[in-house]
Structures are given as structure tokens and as C-alpha cells.
Amino acid sequence: MPLRFEARAEASARMRYGSPLVAVLLTVAGGLVLFILLGRNPLHGFRVFFYDPVKDLYGVSELLLKATPLMLIATGLAVGFRANVWNIGAEGQFLMGAVAATGVALMFHDSTSMLVLPAMLVAGAIGGAAWAAIPAFLKTRCNTSEILVSLMLVYVAQFVVSWVVFGPWKDPQGFNFPQTVMFADSALLPVLIPGTRLTVAFLIAIAALVAGHFFMTRSYAGFQMQVTGQAEAAANYAGFSGPRTVWIGLVAGGALAGVAGMSEVAGPMGQLTDHASSGYGFAAIIVAFVGRLSALGIFFASLLMALLYMGGEQAQQHLNLPPAIGQVFQGMLLFFLLGADVFVNYRLRRSRAAP
Amino acid sequence: MTFAMDASLVTPIVSASIVAGTPLVIAALGELVTEKSGVLNLGVEGMMAIGAVTGFVAAQHSGSTIIGVLAAMVAGAASALAFAILVLDLTANQVASGLALAIFGVGLAAFAGKPYESVVLPPVRALPIPLLADIPLLGPALFDQQWLVYFSWALCAGVAWFLYRSRAGLVLRAVGESPASAHAVGYRVIRIRYFATMFGGAMAGIAGAFLSLFYTPMWSEGLVAGRGWIALALVVFGTWRPLRVLVGAYLFGGVLIAQLFVQGSGLPLEIPPQLLSSLPYIATVAVLVIISRNPNTIRLNSPVSLGQPYRPDA
């Protein structure tokens, strides 16, 4: 074997930021192979996937619209991931945030108050945080894996959504469709650019990114979480509270996922339907990793993932391919990133004579 | 609820619970072997989805169920191989890589299976075991099943024998408990972990094929519906013991069937169907809580090096 991995004396900072780029290039290469295998012209495929969705202002606004929930959720998840708190049920927290916000919107359907939207925002955050509090409670009290519990609750949340839209909250004039009434104007987020669907939720997402950045890099609690993630024994020795880390990690993720759910029902959807589950909660896991759990990284990664979503939709319309091809690209991206990360801690060396 | 007393219902309910539990048995036993070697592969859901699609497509084109199951097995092992390269050779984080496999596998299966969504295959016939199937009540429930059900029993016995009675199983467990010691004694830790991980993938693939060929028999995007995750929970629930995993899987099968049975019974119950449908997932959380509440249960039973990367720096 002429080449072998050799441990680096210290982690390479250059590769830490270089490996996402390597992963993107490998994903593009993988896409090239995929298109050829499918008998499609790769250049045409790439055009449909990566250029057509964003060729005009409306396209760009749709990209930001799709990136918004990804940014929100990934920011919250990154807080937990840094401390090795694995919340993978953001999809469920997203849905429960949407349900809670919908409850407020329906309760004040006849109100024109300016306070309806802030109340929905708070309700969304609480709904998501409460759903994430279940795995946090079970983890800290009963030592139960937060991975499996948060994931199981995704399915339960989907049934909660299904129950409210088929049952108590069904629009009586909705021709029996499983959906609520359309929200009143006072319960809809203002549009940022006239003629597009991009709402102020985008600004909330940016604010969350900035807040998340300062929490993780400047606050004592953020520091404690970093230490817990990198060296648990050191954190214990320093007297940092393990349960507190778990609670902060899960509740931050849940609250922001809930806000994302609120921004969807009060934004592009305008109502709660049986199809509120969009996969953003799972895609945001990829965003958090590809973005290196950092604010700037998450910003770019969520744009890239949003582009893959839109590319998938375009591929359905113009290439006659199932939209799940977007998911295939998203999964490939994470795979390649995890693989490329080996170069952060190792480097390839030509091996000398066999030992 | 007098209907529960009706003896004529025992056979179909037990039988259906076993069928519903079988994919969980197969996937969980595969994951059990993987975890015993110290590798935590969270991608079971994705491997099952890939297996389900591959098995379905192969069976549809070849007209043979066996070829479908074998194809699913190979596809599951191949997807586990991709995971193994990441975590074993490239020392990637096992949790993140498993999640990647789960997301990627579900996406790939949805993509590849789209053209087959409306196709229905003939169901696989049951294979009654002579004499045993004639035992009253439990005979038809246990011994008049599709052949993969019998396979799952053989698998359970085989895995138990392998882990606790064979030398190779002892080595595998040693690798999971202390890779550094196993390496020092001269065992090839990475290679053994590759085999264990691919075995887990192969079983997840077969479990997926059970869903798409034996259980429904058709492919749809949400077919696996979290069973891969439930299988992961079952390994914890069974405290890494094959027989307990089997029993746990049938209990889950029972929960799955009970909720379908109540929903289909037309009983005048004021229970929303969604609550019943969510019962298996709530039950998973409940058993995890019961098992994990005593920290010693997990500490004493789980492989010590589970989830930790290891590189022999020779």
C-alpha cells in the first residue's frame, strides 16, 4: 500500500473549512455520474438543478424563503450538537410549533390586533421547546437516549397534526380537506419584498444566527457546552452541569424549530394542513453539519440545501425525475463531508518500508 | 370488552403480531451484531428503505421472491459498507454518519422506487410446517407463516450461538468491549468491524424486503415508517441479548396489530384513530424509559466501546 493515513499533530484549521468545499465538489461529481446513469445530459441537468431556480429575483426570493426554516432549525440544533446532544427530532418540534402557532391564529381569528403575530411566534417557540423538553426530561431523569426519543416523537407529532386538521380544527367550508381555515391577515407574516413570498421570518432567522453565534462564542453557558462536547470528563471535572447542557441543547433546538414551524404556517402556507411536514427538520441536520456548526457556515449551507430542494422540484418539472432526487443530493453532500473530514485530523503519507 | 375472550381470535392476533414483529426481529438482530463489535449504525431506517426498494424491483423483474430477498441483502450490505468506510477507515463520527445513511437511504429509496409505486406483487404464500401447524390455537399462529418468519427464528438462534458459543463470536465481543486489547492480541479490529457492520446492513436489507415483498406486498415511500428506528430501540430494550430482542419485537408487533385491530373493529370508541396509530411510537419511548431508568442496566450490558472510533496506529 503506497499511501496511508497519518495522524496530524493538531487538527488542520485549513481542512476544517476546506472539507465542506471538497464535499460540494464531490457532490457535483456524484451528480454528474447520476445524471449520466439516468441517461440525462449532465450539463442540462446542472442547469435545471443549480441555475434555473435562481435565475431571477423571484427565484432568489424563493431560495431565501426555503433557506429560512433551515437556518432557524440548524442554528438551534448546532447549539446541542456542539455539546453532543443529538436532537434529531426537529421535524416533530417544527410541527408542534406550527400547531401551537395555528392554535393562537385560530383563537384570535377575528382579531386585527398587532399582537397576534408576536403571540403566534411565542406560541411556536413554546410548542417546539415543549416537544423537545420531553427527550430532555427523559434524558436527564431516566438516562434515555435523546436520539431515539426525539425521533419517535416526530411520528407522534405527525399524528397530532393529522388529528387537529381532520378533527377539531378542520375548516368547515374546506370541502372536507384536512386543513384549517386560511389565517386572517393579522396572523400572516408581512412580506419583505413585494411580489414575492419572502416574509420577515428571514430577518428573524438572521437574528437567530447572530444570537446563536454570540451564545456559542461569547457566553459562559455556550463555553460550557463547547467543553462538554469536546471533553466530557473535563466538563465534569470543572463542575459544569451535564443536565443543564442537555436541557439547553434540546430546548434551543426545539424553540427555534418551533419558530420555523410558525414561520411556515404564518408564511407561505397560510394555514395548517396534513402536509405541513416538509422534511426541513431532517435537512437542517445536514445544514448544521455542513455549516460546521458555525453561524456563517450554517448561512451558506442552508442556501445550498434550499437550492437542492428547489433543484429537486425543477428536476420533477423539466427532467421528469422524482423530486426525491433533491434528497439524494442532500444525503450525498453529508456523506462526502463526513468522509472529507478525515483530512482534518489525518493526512495522507506515502508509507515507508513495511513495519 | 368481551371480544378479547373469544378464543377464535387468539390465532389471528398472535399470527399477525409475529408477522408485524418479523422485520423488527431481523433488522434488530443485525444491528445487535454490529453494535456488539462496537459500531453504532443509526442508519437502519435508510438501509431498510434501500433493501425494500431493491428487493421489490429485483423480485418484480425476476419474478422470484428469493432473488428479491438476496438482492435486498446485497443492497443493505453495500449501503452499510459505505457507512463502514466512513466510520472505520475515515474515522468519521458514528452518530453523524448513521444519520447521513438514514437520510440518504430514505431519499434514495424514494427516488429509485418512484416508478414502482403503483405496482402490486402477488403475496408470498405461507409455508405450513407439517404436524406442528396442526396444534390447536398456536399451531397455525406459529407454524403456518411465510418462510422469512422461520428464517428470523433461525437467525435469532444463529446469532445467539455465534455470539456466546463460538470462538469468532467471542472475538467479536472482545473487539466491542476493548478494541485496543483485541488489537494487541493480534486480531484485526477494523476488518472484524467491517464484517459486523455489513452483516447488520444485510439483515436490515432483508427486513426491508420483508416489508415490500411479504408484508404489504408493494412499495410506497413511507413503507418503512420508522421501523428502522424502532429496531434500534429494540436492541437497547433487549439489552443486547438476541432472545430478548425477539420477544421485544413480538411485543411491538402486538402493539402494532392491537391498534389496527381496534381501529378496524368498528367499536364505538371515542378514541381518535391518530392516537391509536401513534401508540407504537409512544410504546417505544415508554420501554426505553423503563430499560434506561437504571443506569446500571445499560452500563453493564452495552458494549463498552460502542460508538467510539478506533484506529490502530500501527
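Ala, Val, Leu, Ile, Met, Phe, Trp, Tyr, Cys and Pro count as nonpolar here, Asp, Glu, Lys and Arg as charged, and the others, Gly among them, as polar. Keep that in mind while we look around this structure, which is a predicted model.

**A cavity in chain A**

How many cavities of 30 Å³ or more does the rule count? The count comes to one, and the largest cavity has a volume of about 40 Å³. Its lining is made up of A:Leu65, A:Thr68, A:Pro69, A:Leu198, A:Thr199, A:Ala201, A:Phe202, A:Ser263, A:Glu264 and A:Pro268. Helix 3 (57-82), helix 7 (201-218) and helix 10 (242-269) of chain A are the elements that give two or more residues to that lining. Sorted by class, the lining of the largest cavity has six nonpolar, three polar and one charged residues.

**Where the two chains meet**

Now for the interface. On one side, 43 residues of chain B are in contact with 38 residues of chain A on the other. The size of an interface is often given as the accessible area lost when the parts come together. For chain B and chain A the buried area is about 3,700 Å², and carbon and sulfur atoms give 82% of it. Which residues of chain B lose the most area to chain A? They are B:Ile103, B:Phe111 and B:Gln274, which together make up 19% of what that side buries.

As for links across the interface, the rule finds zero salt bridges between chain B and chain A. It does find three residue pairs in polar contact there, both residues being at pLDDT 80 or more.

Several helices of chain B give two or more residues to the side that touches chain A: helix 3 (65-89), helix 4 (94-113), helix 10 (227-237), helix 12 (273-277), helix 13 (279-292) and helix 14 (295-301). Helix 4 of chain B gives the most, with twelve residues.

Here is how that side of chain B divides by class:

| Class | Residues on the side of chain B that touches chain A |
|---|---|
| Nonpolar | 28 residues |
| Polar | ten residues |

**A stop at B:Ala283**

Finally, a single residue. B:Ala283 sits in helix 13 of chain B, one of the helices that give two or more residues to the side touching chain A. Leaving out residues up to four places away in sequence, B:Ala283 touches B:Phe252 and B:Val255. The C-alpha atom of B:Ala283 is separated by 9.9 Å from that of B:Leu251, and the two residues are 32 residues apart along the chain.

Definitions and conventions
Residues numbered from 1 in each chain as written. Chains lettered and ligands numbered in written order. Predicted model: local features only at pLDDT ≥ 70, side-chain atom pairs only at ≥ 80, totals over all residues. Heavy atoms only, no water. 1 Å grid on protein atoms, 1.4 Å probe; cavity = no way out; pocket = protein on both sides within 12 Å on 5 of 7 lines; lining within 4 Å. Points joined across faces, edges and corners; volume = space filled by probe spheres on them. Helix = DSSP H or I, 4+ residues; strand = E, 2+ residues; numbered from the N terminus. Contact = heavy atoms within 4.5 Å. Buried area = accessible area lost by both parts, 1.4 Å probe. Salt bridge = Lys/Arg side-chain N within 4 Å of Asp/Glu carboxyl O. Polar contact = N/O pair within 3.5 Å; in protein donor to acceptor, adjacent residues only side chain to side chain.
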